[in-house]
Amino acid sequence: MTDIPPTSSAPARPGLFLAFEGGEGAGKSTQVGLLREWLSAAGRDVIVTREPGGTDIGERVRTILLEHGQGEVDPRTEALLFAASRAAHVVQKIRPAIEAGQVVVSDRFVDSSLAYQGAGRELGVEAVADLNDWATEGMVPDLTVLLDVAPAISKARREARDLGAPGDRIESAEETFHARLRDAFLGRAAQAPERYLVLDGTLPAPEVHARIREALEPMLNV
Ligand code: TYD
């Protein structure tokens, strides 16, 4: 008897999983908000979530990770905490919503760990990818929107936003760290261009939004 080869593509999901990635000040929150409005107006059942966070466990882990004054957090502990928060996020929120046919929009996902912990903290992108693959049971967004901005612009935007207040523990890392993570984000997108939409985060917000809509229309049938 001849073996029947497996079909090449995974079965379509009832819902859709979209992630936004990029450095600080890339305009993710603005774009996530615009996308939510557009999807809701188009009659789609949309849930917006974020990392670290998105669940009770995730929000508690977020406090440990981002607030100053929680003591020293070494890079491996940091990577494991992000992965733990993400595992809960996938099991408790993302997967059930996709299975229920919702459109899930997450402000950051696995690529943030690959960039910040893998490249930024120099734990190695491959090692952090393996950890996250295990934590998420291989959950991959249908599309990741990467908003790209140069580190100097992202710093200036963040300072303007926070009116000169010191950034959170991770934002306060040195400039070469931010350059490493930008390269990692772009490298990731280059490896699977069909699953990424890379946009210049310095373009006006309405233009960035229009490009995101254009990319999503065929996926959403709107
Ligand atoms: P947040 O306040 O959500 O910032 P932003 O508006 O930039 O998304 O803070 C999230 C911070 O955590 C940000 O500095 C990126 C960092 N981070 C990681 O280092 N690894 C991760 O896996 C995730 C999800 C975030």
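Guide: Contact means heavy atoms within 4.5 Å. Take Ile212 as a case: leaving aside its neighbours within four places in sequence, Ile212 is in contact with Phe20, Gln31, Leu35, Val145, Leu197 and Leu199.

Visitor: What kind of model is this, and how are residues numbered?

Guide: This is a predicted model: local features need pLDDT of at least 70, side-chain atom pairs count only at pLDDT 80 or more, and totals for chains, interfaces and linings use all residues. Residues are numbered from 1 along each chain as its sequence is written, and side-chain values use heavy atoms, with hydrogens and water left out.

Visitor: What is the mean pLDDT of the chain?

Guide: pLDDT is the predictor's confidence in each residue, on a scale from 0 to 100. Here the chain mean is 90, and 91% of the residues reach 70 or more. Where pLDDT is low, the predicted coordinates should not be read in detail.

Visitor: Which residues of the largest nonpolar core touch the most other members?

Guide: Two terms come first. Buried means under 20% relative accessible area, exposed means over 50%, and partly exposed lies in between (1.4 Å probe, protein chains only). A nonpolar core is a set of buried Ala, Val, Leu, Ile, Met, Phe, Trp, Tyr and Cys residues joined through side-chain atoms within 4.5 Å. In soluble globular proteins, nonpolar side chains tend to be buried together. The largest core here has 21 residues, of which Leu35, Val105 and Ile212 touch the most other members. At least two residues of this core come from each of strand 1, helix 1 (28–41), strand 3 (103–107), strand 4, strand 5 and helix 8 (205–220). A second, separate core has 13 residues, including Ile47, Ile94, Phe109 and Val110.

Visitor: How far does helix 8 reach, and where does helix 8 bend?

Guide: Helices (H or I, at least four residues) and strands (E, at least two) are DSSP runs, numbered from the N terminus. The expected span of a helix is 1.5 Å times one less than its number of residues. Helix 8 has 16 residues and reaches 21 Å from first C-alpha to last, close to the expected 22 Å. A bend is the angle between axes fitted to the seven residues ending at a residue and the seven starting there. Helix 8 bends by about 25° at Glu214, and Pro218 follows within four residues.

Visitor: Which residues of helix 8 are buried?

Guide: An α-helix has 3.6 residues a turn, so residues three or four places apart point the same way. In helix 8 the buried residues are Val208, His209, Ile212, Leu216 and Leu220. They pack against strand 1, helix 1, strand 3, strand 4 and strand 5.

Visitor: Where does helix 3 bend?

Guide: At Val90, by about 45°. Helix 3 has 25 residues and still reaches 34 Å, close to the expected 36 Å. Its buried residues include Phe82, Arg86 and Ile94. Among the partners of its buried residues are strand 2 (46–50), helix 2 (56–66) and helix 4.

Visitor: Is Arg86 buried or exposed?

Guide: Buried, because its relative accessibility is 1%. Arg86 sits in helix 3 (residues 75–99). Now its polar contacts. A polar contact is a pair of N or O atoms within 3.5 Å; within protein, one must be able to donate a hydrogen and the other to accept it, and residues adjacent in sequence count only if both atoms are side-chain atoms. The Arg86 side chain reaches the backbone oxygen of Phe109 at 3.1 Å. A 2.6 Å polar contact joins the side chains of Arg86 and Asn132.

Visitor: How many residues of helix 4 are buried?

Guide: Helix 4 (residues 110–120) has 11 of its 11 residues buried. They pack against elements including helix 3, helix 5 (125–136) and helix 7 (175–191).
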